[in-house]
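Student: I am new to this structure, and I would like to learn how to read its features one at a time. Could you go through them with me?

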Amino acid sequence: MFFSAWVTLENEAGEEMTYRIVGADELDPKKQYISLDSPLARALLKKTFDDEVAIKNELKETRYTVVDIHYGNR
């Protein structure tokens, strides 16, 4: 996946969430836009359907599976 993609992820609990990867100046959490510079977006770049990503911080690691990718309007 690349810049401007809409990506739907599923976490380990089976919950889905959808985000759009945008430039830092377009960041808007209310629209589910995440910055290209965020740890999640960086982990997602060049991933494809059914790939897994892991995001680590000081407290824990969270794993997601890519369940959908598309471009254009949501």
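Student: Which residues make a nonpolar surface patch here?

Tutor: A patch is built from residues that have over 30% relative accessible area and no salt bridge, like charges being joined within 9 Å and nonpolar side chains (Val, Leu, Ile, Met, Phe, Trp, Tyr) within 5 Å. Areas come from the Shrake-Rupley method with a 1.4 Å probe, and for residues only the protein chains shown count as cover. In this predicted model, Phe2, Phe3 and Tyr71 make a nonpolar patch of about 330 Å². Phenylalanine 3 lies in the segment before strand E1 (6-11), where helices (H or I, at least four residues) and strands (E, at least two) are DSSP runs numbered from the N terminus.

Student: Before we go on, what should I keep in mind about the model and its numbering?

Tutor: Residues are numbered from 1 along each chain as its sequence is written, and side-chain values use heavy atoms, with hydrogens and water left out. Because the model is predicted, local features need pLDDT of at least 70 and side-chain atom pairs count only at pLDDT 80 or more, whereas totals for chains, interfaces and linings use all residues.

Student: How is phenylalanine 3 classed by its accessibility?

Tutor: Buried means under 20% relative accessible area, exposed means over 50%, and partly exposed is what lies in between, with a 1.4 Å probe and protein chains only. Phenylalanine 3 has 41% relative accessibility, so this residue counts as partly exposed. Across the chain, buried residues make up 31% of the 74 residues.

Student: Which residues have the most contacts inside the largest nonpolar core?

Tutor: In soluble globular proteins, nonpolar side chains tend to be buried together. A nonpolar core is here a set of buried Ala, Val, Leu, Ile, Met, Phe, Trp, Tyr and Cys residues joined through side-chain atoms within 4.5 Å. The largest one has 14 residues, and those with the most contacts inside it are Met1, Leu9, Leu40, Leu44 and Tyr64. E1, E2, H1, E4 and strand E5 (61-70) each supply at least two residues of this core, and H1 gives the largest share, three residues.

Student: What does tyrosine 64 touch?

Tutor: A contact means heavy atoms within 4.5 Å. With neighbours within four places in sequence left aside, tyrosine 64 is in contact with a list of residues including Leu9, Met17, Leu40, Val53 and Ile55. Alanine 43, placed in helix H1, touches Val53 and Ile55 when residues up to four places away are not counted. Threonine 62, found in strand E5, is in contact with Val53, Ala54 and Ile55, again leaving aside neighbours within four places. Threonine 62 has a relative accessible area of 19%, and therefore it is buried.

Student: How many salt bridges are there, and which residues do they join?

Tutor: Side chains of opposite charge can pair when their charged atoms come close. The criterion is a side-chain nitrogen of Lys or Arg within 4 Å of a carboxyl oxygen of Asp or Glu, and a search of the whole structure finds two salt bridges. Lysine 56 meets glutamate 61 at 3.7 Å, N to O, and arginine 63 bridges to glutamate 61 with the closest N and O atoms 3.2 Å apart. These bridges share partners and join Lys56, Glu61 and Arg63 into one network. Lysine 56 counts as exposed at 65% relative accessibility, while glutamate 61 is partly exposed at 33%.

Student: Where is glutamine 32 found, and what is its phi?

Tutor: Glutamine 32 is found in the loop between strand E2 (16-22) and strand E3 (33-35), and has a positive phi of about 65° although it is not a glycine. Lysine 46, in the loop between helix H1 (39-44) and strand E4 (52-56), has a positive phi of about 70° and is not a glycine either.
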